[in-house]
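Subject: Structure handover

Hello,

Please find the structure below, with the sequence alongside.

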Amino acid sequence: MKTQNVTQELETVLAQLGQQGKTPTVALVKARLTTAVPIPAIIAAIKSWKNMQHVPKIEVAAATSTEAERITTLETQVAQLLERVSQLEQQLNEQMK
């Protein structure tokens, strides 16, 4: 499984919050991240930052598909589900007769 290092992004967000005079919270950090990071990892980063002004190396699972690929996959699944619903409705109508 591929991973993505988000340590630098977390350090940047925490430094920005410090410069703005804000106390880092999970909500503030999560809102400013561009990468999805699990809450326990954000908590560990904040604790480490408060104690040592340092963020430990944090990696998250890298996205394996692009947004366009995901949209195409979802559109295909929706089309298949609509076809299946249509078939089930037809079967139900036939049974009701």
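How many helices and how many strands does the chain have? The chain has four helices and two strands, and along the sequence they follow the pattern β-α-α-α-β-α. Helices (H or I, at least four residues) and strands (E, at least two) are DSSP runs, numbered from the N terminus.

Before the rest, some notes on the basis. This is a predicted model, in which local features need pLDDT of at least 70 and side-chain atom pairs count only at pLDDT 80 or more, while totals for chains, interfaces and linings use all residues. Residues are numbered from 1 along each chain as its sequence is written, and side-chain values use heavy atoms, with hydrogens and water left out.

Overall layout

The chain is divided into domain 1 (1-64) and domain 2 (65-96), with bounds that come from an automatic or database domain assignment. The C-alpha centres of domain 1 and domain 2 are 39 Å apart. Taken along the principal axes, the C-alpha atoms of the chain fill a box of roughly 75 × 25 × 20 Å. The radius of gyration of the chain is 22 Å, whereas a compact globule of 97 residues would have one near 13 Å. That radius is taken over C-alpha atoms, and the globule rule is 2.2 Å times the number of residues to the power 0.38.

Surface, contacts and charge

The accessible surface of the chain comes to about 7,400 Å², and carbon and sulfur atoms account for 55% of that. Accessible areas come from the Shrake-Rupley method with a 1.4 Å probe; for residues, only the protein chains shown count as cover. Of the 97 residues, 22% count as buried (buried means under 20% relative accessible area, exposed over 50%, partly exposed in between, with a 1.4 Å probe and protein chains only).

Among contacts (heavy atoms within 4.5 Å) with a separation of 6 or more, 54% are between residues 24 or more positions apart. The chain has 10 positive and 9 negative charges, and their mean positions are 13 Å apart. Lys and Arg count as positive and Asp and Glu as negative; His and the chain ends are not counted. The place of a charge is NZ of Lys, CZ of Arg, CG of Asp or CD of Glu.

Leucine 10 lies in helix α1 (residues 7-19). Leucine 10 counts as buried because its relative accessibility is 0%. Leaving out residues up to four places away in sequence, leucine 10 touches Val29, Leu33, Ala45, Val55 and Ile58. Leucine 10 and isoleucine 42 are 32 residues apart along the chain, and their C-alpha atoms are separated by 8.0 Å.

Valine 55 is in the loop between α3 and β2 (59-61). At 1% relative accessibility, valine 55 counts as buried. With residues up to four places away in sequence again left out, the residues that valine 55 touches include Leu10, Leu14, Ala45 and Trp49. From valine 55 to glutamate 9 is 46 residues in sequence and 10.0 Å in space, C-alpha to C-alpha.

Two residues with more open surroundings are left out of the contact lists above. 

Methionine 52 and leucine 88

Methionine 52 is found in helix α3 (residues 39-52) and is exposed, with a relative accessible area of 58%. Leucine 88 lies in helix α4 (residues 67-96) and counts as partly exposed at 39% relative accessibility. The C-alpha atoms of methionine 52 and leucine 88 are separated by 61 Å. Leucine 88 and glycine 21 are 59 Å apart, C-alpha to C-alpha.

Regards
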